[in-house]
Amino acid sequence: MLRVGLTGGIGSGKSTAARRFAGLGAVLVDSDVLAREAVAPGTDGLAEVVAAFGPEVLGPDGALDRAALAAIVFADPAARERLNAVVHPRVRQRTEELVAAAGPDAIVVQDVPLLVETGSPAAFALVVVVHADPDTRVRRLVEARGMSGDDARARIAAQADDAARRAAADVWLDNSGVPADLEAAVDALWHGRLVPFATNLRDGRPVLPPPAAAPAAPDPGWAATGVRVARRVARAAGDAARGAAHVGPTAVPGLPAADVLAVALAVEPGADPGTVRAGLAAAGFPGLGPDAGVAGGDAAGGLPGEWEHAGADPGRPVRVHVSGAGSPAWRAALLWRDWLRDDASARAEYVRAARVPGRAGDAARHRFEADGRTRAEGWAASSGWSPPSDGAGHPGRVVP
């Protein structure tokens, strides 16, 4: 199934987007609803909250007085952690139950207000952030929820800032206007990207650019997207992952490149290739080739042969090269990237080659790459470069 994370700051209009997704056919899992259910009257969760914070957090009807509880935990991080320890495990368990019941072909949209704050974007194939400027959010909170302006601004300040949300966002939906505009943006996202993504995921169909895709102008967003995708890839590989890195031309600031992100995944030698492949495919990165392998297949006695996967998201082409931790392929990918990041003259040569059209340009780029291997090794020797640790003991580490 396709699991989409939906988030946004308080007052951003995330709930409007969630309702629209549900109306289009998404299975909506609302963390706020599940959090309320976790401490409903008669539950063990409510009993634990009362034991932790006292009977003053109960209303006259025996239900949780949310305002009284908020007054205790809002400005007290330790109290907030005690509350989270009661609520979050119950929300996670119920979330997984609902996701499992959704069925393998579903598009599940998980409405998670603190998705960025809890560091969980990599758990989703796609993260959608609903945004509105702070003044708009304050006005909405004052008008719709009866907050004071100061209270609204304090609530906003206590959450992740826009920079953190942008770093986590695969899709950024601006909701500074009227609800109809946001609903139209959700409709376009659903039909233009999510439904095709879910179909590709179900069919194991990767999204590949045309073989002769022309280099695009450098995109400052490639760097943050590369980190997001590398984290997603590493998580999908599970305990076998020893490192993931954004590599290739899009990982070097200022280089024109085909708009395809390359990720190198280092996997523990001895890991089961079938398990790694299945994890990547389930996360939206189906294998390439009839058996997901390339020439040579898997080496006897453990992982590594090398093989490739590609993303199934039509909005973000991705190639994933899997090799053993510490292998020559892992070293070469990081060396080429780091050499170009450091050597301005080499970057200038690459740009000149990238601008040559047609077959002549292909030949120029191939010459640069062939010569570059020798030059990169010379740079490594003179600069003392060595590849970053393979991340042993730290599954899923992203190599910057």
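Fifteen residues line the largest cavity, and A125, R232, F285, D313 and R316 are the ones nearest its centre. The model is a predicted one, and its largest cavity comes out at about 110 Å³. A search through the whole structure turns up one cavity of 30 Å³ or more. Helix 9 (179-203) and helix 10 (222-237) each give at least two residues to the lining of the largest cavity.

A pair of aromatic rings is described by the distance of the centres and the angle of the planes. The structure has five aromatic pairs. In one of them, the ring centres of W336 and Y350 are 6.0 Å apart and the planes stand at 75°, so this pair is edge-to-face, the label for planes over 60 degrees apart. W336 belongs to helix 12 (residues 328-342) and Y350 to helix 13 (residues 344-354), so to speak a link between distant parts of the chain, 14 residues apart. Both partners are tucked away: W336 counts as buried because its relative accessibility is 15%, and Y350 counts as buried at 8%, where the cut-off for buried is under 20%.

W339 and F368 make another pair. Their ring centres also lie 6.0 Å apart, but the planes meet at 20°, so the pair is stacked; the label applies to planes under 30 degrees apart. This pair, too, links distant parts of the chain, with W339 in helix 12 and F368 in helix 14 (residues 358-383), 29 residues apart. W339 is buried, at a relative accessible area of 1%, and F368 counts as buried at 7%. Taken together, W336, W339, Y350 and F368 are joined by ring pairs into a cluster.

The charged end of R166 sits over the ring of W172, 3.9 Å from the ring centre. R277 does likewise over the face of W307, at 4.5 Å from the ring centre.

Finally, helix 3 (residues 44-53) has buried residues G45, L46, V49 and F53. Looking down the helix axis, these buried residues fall within an arc of 95°, so they line one face of helix 3. D44 and A51 are exposed on the other side of the helix. The cover over the buried residues of helix 3 includes helix 2 (31-38), helix 4 (66-73) and helix 5 (77-102).

Technical notes: Residues numbered from 1 in each chain as written. Predicted model: local features only at pLDDT ≥ 70, side-chain atom pairs only at ≥ 80, totals over all residues. Heavy atoms only, no water. Phe/Tyr/Trp six-rings, centres within 6.5 Å; stacked < 30°, edge-to-face > 60°. Helix = DSSP H or I, 4+ residues; strand = E, 2+ residues; numbered from the N terminus. Buried < 20%, exposed > 50% of the residue type's maximum accessible area, 1.4 Å probe, protein only. Lys NZ or Arg CZ within 6 Å of the ring centre and 35° of its normal. Arc of directions from axis to C-beta. Contact = heavy atoms within 4.5 Å. 1 Å grid on protein atoms, 1.4 Å probe; cavity = no way out; pocket = protein on both sides within 12 Å on 5 of 7 lines; lining within 4 Å. Points joined across faces, edges and corners; volume = space filled by probe spheres on them.
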